[in-house]
Amino acid sequence: MNTLWAISGLASLTWLIWFSWRYAWWRPAIDQRHPRILMYHMIRDPIKRAGFNGMRVSPHLFEQQIRWLKENGWRFFTLTALLEQGSRIPEKSVAITFDDGFADNCTTALPILKKYDACATLFLVVNRHHQEWSMHKKRHHDSGELMREPKLSDSQVMELIESGCVEIGSHTMTHPNFGLMDAGAKKMEMLQSKELLESKFGINIKAFAYPFGILQPEDPGLARGAGYLGAVTTEPGISDWNCLDPFLLQRIKISGKEGMLAFRMRLRTGWRGANK
Ligand SMILES: [Zn+2]
């Protein structure tokens, strides 16, 4: 009997340690006056044995997340609206962002955003068709998995803009690796993409996302010089809105491999668990 007690005690303790490590419930919550910026890529079901399923959030899970935000009193803002509000931003503000320009952002995410009266900012790569830019970060990422994912056509981008719930931001011309480029080339990527998107779609582009979240110390200044209002990184967390560099905004990464508990933990602290 004593052995049984010992085994079940040990099992409970192991579970508690695993749970605490995975969900970091003990981490203090970040004040809800600091807005949360969420990062998504695709809204589609995962593909069996695919390498990038973290970037694929299922439509069902996405809808659960948006509904949860709405029901729990979170207010949706585009990134530019957040920046323009500055310190007047209300408590429980959230900005949904999508990177790259996958077609499902229009076909699948947009109807869900509309259903819950939500809005989002989409960081679009200008040359997004038939490109495998994953290799700009890691050369062995040459499977073509992300290249084969359908990207937004120009008419779909227009549909997003005309819906009134999606702001378009720039994610450069070619999704390069800023860690390997000189200042002139980076500035060109920032300027050209802004001008091209503005003239093609008749809009103002004010928000920028660094490709892969890779940036050098000079890059926030380059983005500011290129005429943007702010820029997002992939640095996990929730930026302190009081002492903010609008060109170094942290984001909460939403993974298709995690469920609602992880989502709620991330909204609370910016992190899911002890180490990520
Ligand atoms: Zn990207």
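Thr172 is found in the loop between E7 and H6. Helices (H or I, at least four residues) and strands (E, at least two) are DSSP runs, numbered from the N terminus. At 0% relative accessibility, Thr172 counts as buried. Here buried means under 20% relative accessible area, exposed means over 50%, and partly exposed lies in between, with a 1.4 Å probe and protein chains only. Thr172 and Lys151 are 21 residues apart in sequence, and their C-alpha atoms are 15 Å apart in space.

The model is predicted: local features need pLDDT of at least 70, side-chain atom pairs count only at pLDDT 80 or more, and totals for chains, interfaces and linings use all residues. Residues are numbered from 1 along each chain as its sequence is written, and side-chain values use heavy atoms, with hydrogens and water left out.

Next comes the metal site. Which protein residues donate to the zinc ion? They are Asp100 (OD), His171 (NE2) and His175 (NE2), lying 2.1 to 2.2 Å from the ion. Donors are N, O and S atoms within 2.8 Å of the metal (3.2 Å for Na, K and Ca); water is not among the atoms, so sites may look incomplete. Along the chain, the zinc donors follow the spacing D-x70-H-x3-H. Asp100 lies in strand E5 and His175 in the loop between strand E7 (166-170) and H6, so the pair ties together parts that are 75 residues apart in sequence. Asp100 and His175 are both buried.

Strand E5 deserves a look of its own. E5 is mostly covered, with eight of its eight residues buried. Its pairings come next; two strands pair if DSSP finds at least two bridges between them. Strand E1 (residues 36-40) runs parallel to E5 over five bridges. There, Ile37 has Ala95 of E5 as its bridge partner. Strand E4 (residues 75-77) also pairs with E5 in the parallel sense, over three bridges. Arg75 has Ser93 of E5 as its bridge partner. E5 and E6 run parallel too, joined by five bridges. The zinc donor Asp100 has Leu124 in E6 as its bridge partner.

E4, helix H3 (residues 79-85) and E5 make a right-handed β-α-β unit. E5, helix H4 (residues 104-115) and E6 make a right-handed β-α-β unit as well. A crossover is right-handed if, with the strands pointing away from the viewer, the path from the first strand over the helix to the second runs clockwise.

Now the charged pairs. Side chains of opposite charge can pair when their charged atoms come close. The structure holds 15 salt bridges, each a side-chain nitrogen of Lys or Arg within 4 Å of a carboxyl oxygen of Asp or Glu.

Asp219 and Lys186 form another salt bridge, at 2.7 Å from N to O. Asp219 lies in helix H7 (residues 219-225) and Lys186 in helix H6 (residues 183-201), so the pair ties together parts that are 33 residues apart in sequence. Asp219 is buried at 0% relative accessibility. Lys186 is buried too, at 0%.

Arg44 and Glu149 also form a salt bridge, their closest N and O atoms being 3.1 Å apart. Why does this pair tie together parts that are 105 residues apart in sequence? Because Arg44 lies in the loop between strand E2 (42-43) and strand E3 (56-57), and Glu149 in the loop between strand E6 (120-124) and helix H5 (154-163). Arg44 is partly exposed, at 26% relative accessible area. Glu149 is buried, at 6%.

Leu10, Leu13, Trp15, Leu16, Ile17 and Trp18 make a nonpolar surface patch of about 670 Å². Patches are made of residues with over 30% relative accessible area and no salt bridge; like charges are joined within 9 Å, and nonpolar side chains (Val, Leu, Ile, Met, Phe, Trp, Tyr) within 5 Å. Accessible areas come from the Shrake-Rupley method with a 1.4 Å probe, and for residues only the protein chains shown count as cover. Leu13 is found in helix H1 (residues 2-23). At 47% relative accessibility, Leu13 is partly exposed.
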